[in-house]
Amino acid sequence: MSVFVLGLLGAVTPLAQAAGETPSPQPSPTLPSAVSPSASPTASTEPAGTVQPGVPISTMTPQARSRITLVLFDEDIVLVGGRDFAAGDDVTVAAETTSLGGSALTKADADGRFILGFRVPADFKGTVNVKASQGGATAADALDVTGPEAAAKEFKEAPALPDVPVQRSDTTTATGTTTATGTTGTAASASPGTASPSPDAAGSPTPSAAPQPSPTADVTASPSPTASPFAAVGKGGRRQFGAASPSASAASPSAAGLPTVPPASPTPTTGAAAPAAGGAPEIDAGGTKSGLPWLSGFQSHQLAQLTEFGNWRGRPNDLVHVYTDRTSGWGGLVEPTWPVDLFKGFAGKLLISEPTYPKGQGDNGACARGEYDGQWKKLGSFLVQHGRGDSIVRIGWEFNGTFMYWHTDADPATFRTCFQKISAAIKSTDPQVKIDWTFNAHNSPVPTGNSPWGAYPGDEYVDYVGIDAYDHFPPSKDDATWNKQCEDVNGLCYVIRFAREHGKKVGVGEWGVASCSGDGGGDNPFYIQKMFETFKAAGDVMGYDAYFSDPTPGNVCSTITNGGQNPKSAAEYKKLFGTGAS
């Protein structure tokens, strides 16, 4: 790869094991601290921008057309990477923010590249501008940064969410039928405007038809407001799921230690409501390789590392989670020879994370207008041709964090329609593929309302509803804290109940403990235990999990293998997800 960060991908594991093989950067004398080049992004890197609390390193990605690139490492460390500089010569790197500035001197390596980093104050929120100079040549870049204290303050000051019930889009009632496009019969008055959105003639969903998460086990117990479903949703989300409904109790540990996640009661019908097309019954029932009740795997871009993880825990992997190269134009997304060919020898399933368009080459508006449909049809054909037609594709994951360049706007209508277009295009050439809609846990800077559910594209476009969840903001050290964050509208338990309501499976594509993230729980085996118990209790809808093992200093530090930062959590994971600690 020509882009400097992607050029480091092949050295991910060696860097983790033998940091210091590349020259250490010189920290700015006026900026608080520097980080080592051993903290370079991994092959799973994702894009960065304005940060959400505790965003893992998987949110980092390079830019493709600049001599320098800024990415955010965890919440408050800015990494500066350069390329195409004169090899071996000094480069002056100067950084300025609204409140401080400084400079550092580093040398370009034999390939004309460098990487260094500095920390901004934890309460900082603003734009960081960086300029690199070598001789008479200069290059500059800017990055919006929100430090962990600033982000935590915003989250704490957000108002609470109201309860907003939902009705399934395909439920036949005793007196009428709710369809994907509207409601007929007298039952319409019970829950107006809750049908899943369908594109109109122009390809845009009707705003009043936006879907919404169900806070109740019985969708007829509490009628929804007459306004647009998400117009009244506030910020904060610190209530328990279903607290307003007498028919759905909040999840709490049972006598056996498992959280109670009550099954959803269907709306009174002439018969049991059938899942939407492509829903749960068509998806793998469990891990045929791991022996767990759901598909279980690992995030990696190395077959040897994937195999090593399975051997370590004592259970083979059912799937591997990979990310495509979104800095190389459409080819990197829709004809992803890398990373698909890396796993020719892996008999399990691929979980593939895809943005909605290549970095710097499009926008969600054009996507929603169908301008990229032809490209996404190529992905379906590619997967079929490469024997991977049964893959799970995560479209525009973590769209509710502004650090993702494809994130939804305050009004989620455009993102919803874009998702619908991509889903339909891929499935038109690959009928086997499963589509995953995943958000980032804990809070939602976008869309408006601190709830991701306004961006839900509708049951007919989704097979898995997913969440990326790490043990931070807040960490779970006891049952009360666990229940509160799990039952939040941005939490795992909410996702589980929504999946039951809508006939979907649950996907957890990234999760782990957090030893060096701000407000992280550290080496916390309790979190591992609660995740396993919740997966197990949700066995009827649990689809897959993929642990994110990150050893990089300064990031979430979630690694549990090879004697990493979390030996207690490693032992608990091995006991529960493997064949026993040893």
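Proline 447 sits in the loop that runs between β12 (434-440) and β13 (464-470). In this predicted model, the residue is joined to valine 446 by a cis peptide bond, with omega at about -5°. The loop between β12 and β13 also holds histidine 442, a residue whose phi is positive, at about 90°, although it is not a glycine. Histidine 442 has a relative accessibility of 11% and therefore counts as buried, the cut-off being under 20%.

A cis peptide bond is also found between tryptophan 338 and proline 339, where omega is about 20°. Here the proline belongs to a helix: proline 339 is part of α5, which covers residues 337-340. Proline 447, by comparison, is placed in a loop.

A positive phi is likewise seen at glutamate 398, where the angle is near 55° in a residue other than glycine. Glutamate 398 lies in the loop between β11 (392-395) and α8 (413-429). With a relative accessible area of 0%, glutamate 398 is buried.

Most peptide bonds are trans, and most residues other than glycine have a negative phi. The bond between valine 446 and proline 447 is cis, as is the bond between tryptophan 338 and proline 339. As for phi, positive values occur at glutamate 398 and at histidine 442. Both residues lie in loops, and both are buried.

Terms used:
Residues are numbered from 1 along each chain as its sequence is written. This is a predicted model: local features need pLDDT of at least 70, side-chain atom pairs count only at pLDDT 80 or more; totals for chains, interfaces and linings use all residues. Side-chain values use heavy atoms; hydrogens and water are left out. Helices (H or I, at least four residues) and strands (E, at least two) are DSSP runs, numbered from the N terminus. Buried means under 20% relative accessible area, exposed over 50%, partly exposed in between (1.4 Å probe, protein chains only).
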